[in-house]
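Okay, thanks for coming, everyone. Let me put the structure up and we'll walk through it together.

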Amino acid sequence: MLSRLMKRRARRNLAVSTVIANLLMITLTISLAAILVAWAGTSFGSFSSGAQLFFAQRGQALQERFVIESVFFKCTSVCSTGSPLTLMIFVRNVGVESISLVAIYVNDTALQPGSGTGLCTALPSTIGVGQVCEFNVTWTSSWSSGSLFNLIVTSSRGNRATFTMQGP
Amino acid sequence: MIGGIIILTLFLTALTTMVVISQQYDAYQTTLNAMSQMDVERFSENLAVTYPGISMQPNGAVSGCGGTCNTYNLTISNLSGVGTQVARIYINSTAPTVPFYVLYILDPSPTPCVGVTSCFESYDSFVDPGAANHQIIFWLSSSEALSFSPLGNSISIVTERGRVFSFEWPFPPATEESEGPVVGGAIVPTGNTVDMGPFRISYDYNLITYTTNAQTLPGPAGCADSDPSPTSCMSGGWVFPSGTGIVFYVRIFNLGSANIILLDKSALVAHSYSSLVTDIPFYISGPMSQSCWNGYFDDPNGYYDGSWPGTGNCPTPGSLAGYNATHVACKGSPCYVIPQGSALGSPPWATNEEYVLFSANGIEGTTANQLVAGSRYEVTLNLFYIYQGSSSFEYSIALPLLDIST
């Protein structure tokens, strides 16, 4: 009778075996380690790819060089105050990357280029390395003889070229 | 052991990330350095257009340009230590009327302009470091002439690196010095020139001559020292007679592309250094006669050389004619019209010169004014004129001309 009681008590005190306990601990540790490594990998990866993207974009923007090399005023008749004025804008890509021009501002007014043969007639407009592009924009607002025109041309990468010229 | 593996894994992951980022950063720095080098070279470029800027080859008509081209030379110097490739040339004629309001775009071409009306010689497009007076040949269609107006052709030279070098042409140099006539066995330097608007004043030996009733043919002023060079005269003062009527003959060149009509308000004004002597104006007087004028061409260079023909019939204080002009046309005849420059803007300038007479003591007056004895003056030249036949605008210039004494 006593022997049966002792066996029953001993069986009640044994939760899991030592082997099972070790396996459980190892599994738990490995799971946590996997989670930690995955988290670290994702974090480092996104950090790495973000930095990679940043440097790549900065590098491309840095390689962009373009200049407004000439602006010519074209009048339909004698250039007189207030008459329609067409600005012929010549932009040259002198960098080592193709550029995409996205906006032209004349005196802080965004203008779209007009049509014409052999011209860059729309925005955005891509200019290859070493190439020059002619935009014709029409200034319809009032102007007076000798007034200044401030011109800004911007690229898709955030660079810009400026030019200031005196009107006819 | 498992902990070690975990730590090692984390370390390797971080290390890989750092290596990747470092590589990107290095690539970025490499790009940055390369572009910085490009910028350094770009901003090192320094082209300067040298006299005469643009000149036309006299017999340079060639086929091309959709017909016939005229051949021009553009003279530039490379003042920098980097070679420069000219990518394009713009000639922007800014004359105010439509026929002259044109833009020429010149791209490089090995032969005279096939399919376009203007281009430049591609073999001339590279300018060596330090090259002086490098010639770039360019062609324009014969049907399109360059405007020779002081309002200007704005010419832009664009380089492959993106620099733009602009200048106005025609641009007479600020100073020009060359050998002058022989006077008394010595060569007289011609001195310097001053350009104002369309006018050129050349400080040479015959910049200013004069007549009096005692000296009926224009002769040079005396000098305060024995050296007759204009520079020395400038420092010592040119000497003119006093107490007698005097007619000044001042040589003026027209560099513009249109005739200049001088107005009767124009004058030489002698400003005395002494407060006791008032300013003395010598208003513009009637022009010299043709026989007098021809005397100035006795010398092929247009200089007074002492061999005066003796039939000058030149105005003196005793034969002074009043000068009368309006903005539209001269009422008197003839009026002062300084002929326009040559169409191509090339020397010799002597073809565009005029001797303008100053003498009268009032506008349109016929009485010659006089200098006061024992005085020293700074003489200013005040010219009022109309240009291009426009009656709408009246221009003027004022130039400190000479230091004179009596």
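Before anything else, a word on confidence: pLDDT is the predictor's confidence in each residue, on a scale from 0 to 100. We need that here, since what you're looking at is a predicted model. For the model as a whole, the scores are an ipTM of 0.78 and a pTM of 0.58.

So how does chain B do on pLDDT? Its average is 75, and 70% of the residues score at least 70. Which elements of chain B sit at the two ends of the range? The lowest mean belongs to strand β12 of chain B, residues 186–189, at 45. The highest, 93, goes to strand β7 of chain B, residues 126–127. There are also stretches where the pLDDT is below 50, and residues 95–100 of chain B are one of them, with 13 contacts in the model beyond near neighbours in sequence. Residues 298–310 of chain B are below 50 as well, and that stretch has 21 such contacts.

Staying with chain B for a moment: its secondary structure is 3 helices and 26 strands. It has 406 residues, and 38% of them count as buried. If you take the contacts in chain B with a separation of 6 or more, 68% are between residues 24 or more positions apart.

Now, where do the chains meet? The contact uses 30 residues from chain A and 30 residues from chain B. On the chain A side, the elements giving two or more residues are α2 (18–62), β1 (66–75) and β2 (85–93). The largest share, 16 residues, comes from α2(A). By class, that side of chain A has 18 nonpolar, 8 polar and 4 charged residues.

Follow α2(A) across to chain B and you find helix α1 of chain B, residues 2–44; the two axes come within 9 Å and cross at roughly 0°. Anything under 35 degrees counts as roughly parallel, so that is what we call α2(A) and α1(B). Their contact has 21 nonpolar, 10 polar and 1 charged residues.

Last stop, a sheet in chain A. It's an open one with 3 strands in the order β1-β2-β6, paired antiparallel. β1 and β6 (132–139) of chain A are at the edges with a single partner strand each, so one side of each has no neighbour in the sheet. On average, neighbouring strands are turned by 20° against each other, ignoring direction. Between β2(A) and β6(A) there are 8 bridges, and A:Thr86 has A:Thr138 in β6(A) as its bridge partner.

Notes: Residues are numbered from 1 along each chain as its sequence is written. Chains are lettered from A and ligands numbered from 1 in the order in which they are written. This is a predicted model: local features need pLDDT of at least 70, side-chain atom pairs count only at pLDDT 80 or more; totals for chains, interfaces and linings use all residues. Two residues are in contact if their C-beta atoms, placed from the backbone, lie within 7 Å. Helices (H or I, at least four residues) and strands (E, at least two) are DSSP runs, numbered from the N terminus. Ala, Val, Leu, Ile, Met, Phe, Trp, Tyr, Cys and Pro count as nonpolar, Asp, Glu, Lys and Arg as charged, and the others, Gly among them, as polar. Axes are lines fitted to C-alpha atoms, for helices over the stretch in contact, and angles run from 0 to 180 degrees between N-to-C directions. Angles under 35 degrees count as roughly parallel, over 145 as roughly antiparallel, 65 to 115 as roughly perpendicular and the rest as oblique. A residue is buried if 20 or more other C-beta atoms lie within 10 Å of its own, exposed if 12 or fewer, and partly exposed in between; C-beta atoms are placed from the backbone. Two strands pair if DSSP finds at least two bridges between them.
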